[in-house]
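Open the model in your viewer and keep the selection tool at hand. We will go from stop to stop.

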Amino acid sequence: MPTGTKIKEIRKQKGLTQKQLGDLCGMADSAIRRYENGNANPKIETLKKISSALEVPLSALLSFEEYMKIWKDEKEIERITSPTLLETLHPGDIFSTEDITEHKLISDYRQLNDNGKTEALKRVEELTEMSRYTKLLSGASATKSNLKTDAEFSTIEPPEDNT
């Protein structure tokens with residue numbers, strides 16, 4: 001059963017109008033109508049608002065396959081961008097500087113609002129167009145400067161014992 005049909009069915013079971021559901025979700029009733037009629041597909045964040053307003057789990061609005069894909073995607077994003085990643089490292093763990101830098105970049109990006117994210121993407125794209133900031137892609141043209149050195153790997157040092 002399509003997601004919109006499920007939304008409509010559960011909304012009616014709960015005795016809500018499209019306007020009431022829209023008000024509970026903070027959106028127009030016309031948006032609810034478009035979702036229910038299959039004229040638009042709600043984003044995951046919108047589906048979360050709708051499921052919360054209808055007091056049903058998100059899985060009630062999605063097919064099993066859709067739900068599992070979203071769940072796996074969210075778990076992977078959570079794993080990669082977890083702010084506690086660096087806190088879970090143990091003394092002696094070795095990570096490349098690039099791994100730590102990418103984690104920091106993603107963590108910082110997630111703190112931005114939509115305008116900030118748009119601006120960050122523009123700036124990264126600009127940097128990729130400047131040769132002094134990009135990696136060489138051809139193996140034949142790789143120079144010594146493209147090879148990782150021991151200095152480019154970080155070792156997590158144990159905290160100082162201040163007792």
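Predicted model: local features only at pLDDT ≥ 70, side-chain atom pairs only at ≥ 80, totals over all residues.

Colour the chain by pLDDT first. For the chain as a whole, the mean pLDDT is 75. Of its residues, 65% reach 70 or more.

**The core**

Next, select I7, L21, I50, L54 and L61. These are the residues with the most contacts inside the largest nonpolar core, which has 17 residues. Which helices each supply at least two residues of this core? They are α1 (3-13), α2 (18-25), α3 (29-37) and α4. The largest share comes from α4, with 4 residues. In soluble globular proteins, nonpolar side chains tend to be buried together.

Stay with L54 and show what surrounds it. Leaving aside neighbours within four places in sequence, L54 is in contact with I7, I10, R11, K14, L16, L21 and L61.

**C25 in α2**

Go to C25, in helix α2. Is C25 buried or exposed? C25 is buried, because its relative accessible area is 7%, under the 20% cut-off. Now show its contacts. Not counting residues up to four places away in sequence, C25 touches K49, I50 and A53. Draw a distance line from C25 to A53. Their C-alpha atoms are separated by 6.2 Å, although the two residues are 28 apart along the chain.

**T46 in α4**

Move to T46, in helix α4 (residues 44-54). T46 has 16% relative accessibility, so T46 counts as buried. Which residues does T46 touch, not counting those up to four places away in sequence? Select M27 and Y35 to see them.

L127 lies in helix α7 (residues 114-128). Zoom in on L127. Its relative accessible area is 39%, so L127 is partly exposed. Compare this with C25, which is buried at 7%.

Terms used. Residues numbered from 1 in each chain as written. Heavy atoms only, no water. Buried < 20%, exposed > 50% of the residue type's maximum accessible area, 1.4 Å probe, protein only. Contact = heavy atoms within 4.5 Å. Core = buried A, V, L, I, M, F, W, Y, C linked by side-chain atoms within 4.5 Å. pLDDT = per-residue confidence, 0-100.
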